[in-house]
Amino acid sequence: MEPIVLVHGGAGDIPDSRVPLKLNGVKKAASIGYRVLKRGGSVVDAVEEAVKSMEDDEAFNAGYGSVLNLDGEVEMDATIMIGANLNSGGVTVVKDIAHPISLARLVMERTPHFLLAGEGANRFAKVQGVPTLPAGSLVSKYAREALEDFKKHGDNRTEIGEKGVGTVGAVAIDSKGRMAAATSTGGINGKMVGRSSDTSIIGSGTYADDNVGAVSTTGHGESIARFCLAHAIIYEMKNGSSAAVATANTLKAMTEKLKNTAGAIAISKGGDLGIDFTSKRMAWAYQIKDEIHFGIEHGQHTKEKAKN
Ligand code: ASP
């Protein structure tokens with residue numbers, strides 16, 4: 001089987017001005033993940049590295065550039081899961097950590113738990129030697145403006161909001177059919193202090209099972225969590241749907257039922273892909289051999305030669 005790392009950069013009402021930044025970021029992340037697999041790295045390494053590159057990128061709502069809570073702070077969530085043994089780890093409401101996805105991986109590998117929250121997660125980071133950044137280092141100018149805007153107008157323009165969309169995620173399969181999934185977010189602009197998102201919940205934001213497939217979701221977190229969106233897509237695949245059909249049908253069902261939008265990426269155990277969203281846009285990309293495939297609009301599937 002051809003190894004694939006498929007990434008997304010968040011579903012929502014992405015304004016035109018942000019489209020090139022998002023596309024550059026997802027293409028770069030897909031290439032980084034793909035190179036990890038090609039070098040013989042594991043699927044967990046691949047999804048972690050792909051997500052880290054988007055956490056570093058201000059264009060996305062994860063790590064640096066995350067949206068702000070009502071107090072003007074960054075509080076982040078991330079989860080990672082291995083399809084071979086269903087092992088998973090997550091962090092929620094964590095502050096001042098450059099790569100929450102790597103901390104989630106440490107929770108998976110070095111604790112008996114699947115999720116650490118808030119102060120406990122930050123304390124665990126310190127014990128593990130993960131640097132705590134000076135307070136406010138992850139706050140970008142764009143995120144500050146988005147919060148001011150939210151406070152002035154409320155966020156009623158769309159269900160996810162125009163600014164501050166861009167949760168990131170990755171799913172990967174290697175030549176032996178091993179799979180992993182990872183998702184990382186700053187949450188929703190203007191959220192209450194202490195709000196946890198779907199991204200921190202296994203089965204909502206992230207899921208991977210080598211017997212079925214791997215999924216990462218994005219969009220209106222409260223709806224995604226109530227619908228257990230990632231696992232609902234897995235369930236459809238388990239019942240015989242392709243990744244594309246399972247992703248499209250489940251997103252449609254969630255949006256019909258809960259009146260909010262979302263997006264998801266999925267890989268089935270056979271290596272076929274699902275990429276869909278009920279929001280206006282969602283940036284996504286993957287690399288196969290020396291070709292990058294990407295899109296952000298409904299129906300878009302563009303190919304170009306990868307820069308290596
Ligand atoms: N799902 C994320 C959250 O609710 C936001 C997003 O995906 O854009 O926190």
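Hi everyone, this is a short walk from an annotated site to the sheet behind Thr218.

What we have is a predicted model, where local features need pLDDT of at least 70, side-chain atom pairs count only at pLDDT 80 or more, and totals for chains, interfaces and linings use all residues. Residues are numbered from 1 along each chain as its sequence is written, and side-chain values use heavy atoms, with hydrogens and water left out.

The unreviewed UniProt entry has a "binding site" annotation, and among its residues are Thr218 and His220; such annotations may be inferred rather than shown by experiment.

Let's take Thr218, which sits in strand β8, residues 213-219 (strands are DSSP E runs of at least two residues, helices H or I runs of at least four). Is Thr218 buried or exposed? Buried, because its relative accessibility is 2% (buried means under 20%, exposed over 50%, partly exposed in between, with a 1.4 Å probe and protein chains only). Its side chain reaches the backbone nitrogen of Ala11 at 3.0 Å.

Across the sheet, Thr218 stands opposite Gly263 in β9. Strands β8 and β9 (residues 262-268) pair antiparallel over seven bridges; pairing needs at least two DSSP bridges.

Now the whole sheet: it is open, with four strands in the order β7-β8-β9-β10 and antiparallel pairing.

Methods: A polar contact is a pair of N or O atoms within 3.5 Å; within protein, one must be able to donate a hydrogen and the other to accept it, and residues adjacent in sequence count only if both atoms are side-chain atoms.
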